[in-house]
Amino acid sequence: MKTIVLNINRFDNMIEVHEYLKKKFNFPEYYGKNLDALYDCLTSLKGEYNIVIKNRDDRNIISESDIDSLISVFNSVKRKNNEFYISIV
């Protein structure tokens, strides 16, 4: 199982989050760096993945609604793929 740690405090904006996820998941160059593209790429992955979201409740630069939307995408992928896990610590 591949584990990806997403420390929310580390990012200043959602573009940085998308760039990090693109690198960690080895998404293609044409990855659109938006939530729809994230969902499409994550649902095409094969194998087990565990996303660990850290510092979700800390005071962050990224807006609460952006964080909620990101988690919503992860949860949607989880419902579609039983080899995809998410934990918030």
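**Close-up 1. His18 and its contacts.** His18 touches Tyr31, Lys33, Asn34, Leu35 and Leu38, leaving aside residues up to four places away in sequence. Contact here means heavy atoms within 4.5 Å. This is a predicted model, in which local features need pLDDT of at least 70, side-chain atom pairs count only at pLDDT 80 or more, and totals for chains, interfaces and linings use all residues. Residues are numbered from 1 along each chain as its sequence is written, and side-chain values use heavy atoms, with hydrogens and water left out. His18 sits in helix α1. It counts as buried because its relative accessibility is 3%. Buried means under 20% relative accessible area, exposed over 50%, and partly exposed in between (1.4 Å probe, protein chains only). The side chains of His18 and Tyr31 are joined by a polar contact of 2.6 Å. Such a contact is a pair of N or O atoms within 3.5 Å; within protein, one must be able to donate a hydrogen and the other to accept it, and residues adjacent in sequence count only if both atoms are side-chain atoms.

**Close-up 2. Helix α1 and its ends.** Helix α1 covers residues 14–25, 12 residues in total. Helices are DSSP runs (H or I, at least four residues), as are strands (E, at least two), numbered from the N terminus. At the N-terminal end, Asn13 caps α1: one of its side-chain oxygens lies 3.1 Å from the backbone nitrogen of Ile15. After α1 comes Asn26, with a positive phi near 60 degrees. The buried residues of α1 are Met14, Val17, His18, Tyr20, Leu21, Lys22 and Phe25. They pack against β1 (2–7), α2 (35–43), β2 (49–54) and α3 (64–80).

**Close-up 3. The aromatic cluster.** Phe25, Phe27, Tyr31 and Tyr49 are linked into a cluster by ring pairs. Rings of Phe, Tyr and Trp (its six-membered ring) pair if their centres lie within 6.5 Å; planes under 30 degrees apart count as stacked, over 60 as edge-to-face and the rest as tilted. The count comes to five aromatic pairs. Phe25 and Phe27 have ring centres 5.4 Å apart and planes at 10 degrees, so this pair is stacked. Phe25 counts as buried at 5% relative accessibility. Phe27 counts as buried at 6%.

**Close-up 4. Leu42 in the largest nonpolar core.** Leu42 touches Phe25, Phe27, Phe74, Val77 and Phe84, not counting residues up to four places away in sequence. A nonpolar core is a set of buried Ala, Val, Leu, Ile, Met, Phe, Trp, Tyr and Cys residues joined through side-chain atoms within 4.5 Å. The largest has 28 residues; Leu6, Leu21, Phe25, Leu38, Leu42 and Phe74 touch the most other members. α3 gives the most to this core, with six residues.

Technical notes:
The expected span of a helix is 1.5 Å times one less than its number of residues.
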